[in-house]
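Me: I would like to learn how to read a model like this one, feature by feature. Please show it first, and then I will ask.

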Amino acid sequence: MATKEEVLEALGGVMDPELHRDIVSLGMVRSVEVEGERVRVHVVLTTPACPLKGAIRQSVEGAVRALPGVASVEVEMGADVASGRRTRKEERLPGVRNIVAVGSGKGGVGKSTVAVNVAVALAQSGARVGLLDADLYGPSVPILLGATHESPEMSEEGERAVMLPLERHGLKVFSIGFLLKDTDAVVWRGPLLHKAVQQFLEDVAWGELDYLVVDLPPGTGDVQISLSQLVPVSSAIVVTTPQDVAFADVLRAIRMFRVTKVPILGVIENMASFVCPTCGTEHRVFGDGRIEERCREHDVAYLGAIPMDLRVAPAGDQGRPIVVEAPDSPPARALLDIAARLAARQSVLAHSGDR
Ligand code: ADP
């Protein structure tokens, strides 16, 4: 019969492929039970969306099974999302582990669509996810999640009145759209805008979250600055389309995040190709690989491409994100992959801050 120590020693040889450290020293092995020839190992990943879950499970099984006296190995996988921020007592949102901002150089590139689908994908993986629609000028999250006529309920937290986020597709959602009527046209002046962002963060009962995804307005502006001043933003993603060959708008957005000290997780290329619904051929309508090349030139990670698909817009209009409506469709599969990659990179970032 193998001892617990022998099992742990064997697990000490299993590396996390993303973090390049062994899973024991990373604290990912929560428990080891040995019962005769049967061994049970409980492994806790840094994110339930880990794209390498299967590979890690296999390595754990292989390492333990190789020990003399072991006939069967049972691996239980869980997740405990690492915090990508330094929490100080006086900070806002102490229960939120990672704040991920989604921006774009300009409007109409699919930023909100990507934010909503990535958030739902993370929630589907088992993470606790919130989505804050901070696109004050054109909030589209209420439509994309089928919550146009909803208004938030109030509750009390200690002596304070707070607004409860809505629940949609496993997400906690809040949008400025919940507070405005369709006919309201708001001119957001600096202080008012800052106050609105502050309210989203302070007066909404977000509770405990692994990820709060924030859908920012397009371009660079005051909301980005307010957000980074009010809370430590863990990371940012920039969505673009292949037409932006000059990459100028993307670079402006990236520069803005860099100036406000927000680490950039990478660029997502939306509507990168078009799959013909009749013949299934994929057409790179706007050329091939240029955004990826630009990313390399400017030393920013390329997180992946999402194809254009005729199902995305109608699904969004009906409040059913494509990862829910057609999870096997090419855009949904791309979004699910991107969400996993993003969560993995965020874990690496959170751990690199520990050292
Ligand atoms: P933004 O937030 O950048 O302004 P939206 O998310 O509102 O952009 O998307 C703009 C339009 O493009 C919407 O009608 C949306 O449904 C559509 N769209 C976004 N991504 C795709 C895609 N991959 N395939 C097809 N249509 C898309």
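Me: Where is the place of C276?

Reply: This is a predicted model. C276 sits in the loop between β14 and β15 (282-283).

Me: Is C276 buried or exposed?

Reply: The general idea is a cut-off: buried means under 20% relative accessible area, and exposed means over 50%. C276 has 16% relative accessibility, so C276 counts as buried.

Me: How far apart are C276 and C50, in sequence and in space?

Reply: Sequence and space are read separately. C276 and C50 are 226 residues apart in sequence, and their C-alpha atoms are 31 Å apart in space.

Me: How do I read D16 in the same way? Which strand holds D16?

Reply: D16 belongs to strand β1 (residues 15-16). Its relative accessibility is 4%, so D16 counts as buried. A polar atom of the D16 side chain lies 2.8 Å from the backbone nitrogen of L19.

Me: Next, backbone angles. What is the phi of K261?

Reply: Phi of K261 is near 65°, a positive value in a residue other than glycine. K261 lies in the loop between α7 (248-259) and β14. K261 counts as exposed because its relative accessibility is 70%.

Me: What about the phi of D299?

Reply: D299 is not a glycine, yet its phi is positive, at about 55°. This residue is in the loop between α8 (290-297) and β16. With 67% relative accessibility, D299 counts as exposed.

Me: Now the ligand. How many residues surround the ligand, and which are the closest?

Reply: A shell is read as a list of residues within 4 Å. Here 15 residues surround the ligand, and the closest are G108, K111, S112, T113 and N270. By class, the shell has 7 nonpolar, 6 polar and 2 charged residues.

Me: Which elements each supply at least two residues of that shell?

Reply: They are α3 (111-124), β14 (264-275), β16 (302-308) and α9 (312-317). The space that the ligand takes is the largest pocket.

Me: Which atoms of K111, T113 and D309 lie by the ligand?

Reply: A polar backbone atom of K111 is 2.8 Å from an oxygen atom of the ligand. For T113, an N or O atom in the side chain is 2.6 Å from a ligand oxygen atom. D309 has a backbone N or O atom 3.0 Å from a nitrogen atom of the ligand. Taken alone, the ligand exposes 570 Å², and the protein buries 77% of that.

How values were computed: Residues numbered from 1 in each chain as written. Predicted model: local features only at pLDDT ≥ 70, side-chain atom pairs only at ≥ 80, totals over all residues. Heavy atoms only, no water. Polar contact = N/O pair within 3.5 Å; in protein donor to acceptor, adjacent residues only side chain to side chain. Areas by Shrake-Rupley, 256 points an atom, 1.4 Å probe, with all protein chains shown as cover. 1 Å grid on protein atoms, 1.4 Å probe; cavity = no way out; pocket = protein on both sides within 12 Å on 5 of 7 lines; lining within 4 Å. Sits in = over half its atoms within 2 Å of the grid points. Helix = DSSP H or I, 4+ residues; strand = E, 2+ residues; numbered from the N terminus. Nonpolar A, V, L, I, M, F, W, Y, C, P; charged D, E, K, R; others polar. Buried < 20%, exposed > 50% of the residue type's maximum accessible area, 1.4 Å probe, protein only.
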